[in-house]
Amino acid sequence: PLEDGSLDDYQLFRVPMTTMTVRAVEGIDGVSSRDAARSKNMFALGLVSWMYGRPTQPTIDWVEKKFEMGVVGFTLFFTLCNVVLSNLLAFFIALALDSGIRTQRVLRSVFFLPNVLSMVVVALVWSFVFAHLLPRLTGVELWMGDPAKAPWLIVLVQVWQQTGYLMVIYLAGMSNIPSDVLEAASIDGASFRRRLRHITLPLLVPAFTICLFLSLSHSLKSF
């Protein structure tokens, strides 16, 4: 690291320990052959300082690889988590905004805003969060470079961006529910849970179907 503790001139690298990379790592000063080849279930994580277009001597840290999902496994993991979390979050946000709070119009715009941002803007925003904001708040320096955290962080970004779009669909479905039906159920003594279970959810089946297939299609396309 630099003398002032900053990492502006450093680049994070992640090397899976195959036979070729073990031989390459053995040539780095301070890394013995025993450390380089002690396990195939290890990752070499380090920081390479770039000066005048050439990388200087890297520093090596060893991180144990927790699991290996592969491309298909990660796609299935990403699809399942994204479909479930984004639909649940979008439904509850729509349910809260449909309750008639004063700032519902402003909140609708706030929640829908991530969906209109380009991927470049989203990448810049979350790169700043993972590289600068979260390390200062939590004290944990490694986020996207950690194999155990990276899959969940990717799901987090996708859920954050997609929830607003699904929320609009749920709000449109809730607006089509006859208000006199809900008022009649309320007068008859039906609680909020019973109205939600016997009136709102059955009438939102078309919205659930649309959101389910949209989120499923978008997640599978990430393969």
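Threonine 79 is buried, because its relative accessible area is 8%, under the 20% limit. The model is a predicted one. Threonine 79 sits in helix 3, which covers residues 70-97. Beyond four places in sequence, threonine 79 is in contact with Leu216, Ser219 and Leu220.

Now the whole chain. There are nine helices and four strands. From the N terminus, the order of elements is β-α-α-β-β-β-α-α-α-α-α-α-α. The chain has 223 residues, and 34% of them count as buried. Take the contacts with a separation of 6 or more: 69% of these join residues 24 or more positions apart. The accessible surface is about 14,700 Å². Carbon and sulfur atoms hold 63% of that surface.

Next comes confidence. The average pLDDT of the chain is 76, and 69% of the residues score at least 70. Over residues 1-26, pLDDT is below 50, yet this stretch has 53 contacts in the model beyond near neighbours in sequence. Residues 38-64 also have pLDDT under 50, with 75 contacts beyond four places in sequence. Where pLDDT is low, predicted coordinates should not be read in detail.

Turn to the interior. In soluble globular proteins, nonpolar side chains tend to be buried together. The largest nonpolar core here has 19 residues. Phe91, Ala94, Met167, Tyr170, Met174 and Leu204 touch the most other members. Helix 3, helix 6, helix 8 (192-203) and helix 9 each give two or more residues to this core. Methionine 167 shows the packing in detail. Leaving out residues up to four places away, methionine 167 touches Ala90, Ile93, Ala94, Leu97, Arg108, Phe111 and Phe112. Another core lies apart from the largest one. This other core has eight residues, among them Trp126, Val129, Phe130 and Trp143.

Helix 5 spans residues 119-138 and has a kink of about 40 degrees, centred on valine 129. Its buried residues are Val122, Trp126, Val129, Phe130, Leu134 and Pro135. An α-helix has 3.6 residues a turn, so residues three or four places apart point the same way. The buried residues of helix 5 pack against helix 6, residues 150-175. Just after helix 5, glycine 139 takes a positive phi of about 85 degrees.

Proline 135 belongs to helix 5. At 8% relative accessibility, proline 135 counts as buried, because the limit is 20%. With residues up to four places away not counted, proline 135 touches Val129, Phe130, Val140, Glu141 and Trp143. Val129, Phe130 and Trp143 are among the members of the eight-residue core.

Last, the cysteines. Cysteine 81 is buried, because its relative accessible area is 12%, under the 20% limit. Cysteine 211 is buried too, at 0%. A disulfide is a covalent bond between the sulfur atoms of two cysteines. With a cut-off of 2.5 Å between cysteine sulfur atoms, the count of disulfides is zero.

Key:
Residues numbered from 1 in each chain as written. Predicted model: local features only at pLDDT ≥ 70, side-chain atom pairs only at ≥ 80, totals over all residues. Heavy atoms only, no water. Buried < 20%, exposed > 50% of the residue type's maximum accessible area, 1.4 Å probe, protein only. Contact = heavy atoms within 4.5 Å. Bend = angle between axes of the 7 residues up to and from the residue. pLDDT = per-residue confidence, 0-100. Core = buried A, V, L, I, M, F, W, Y, C linked by side-chain atoms within 4.5 Å. Areas by Shrake-Rupley, 256 points an atom, 1.4 Å probe, with all protein chains shown as cover.
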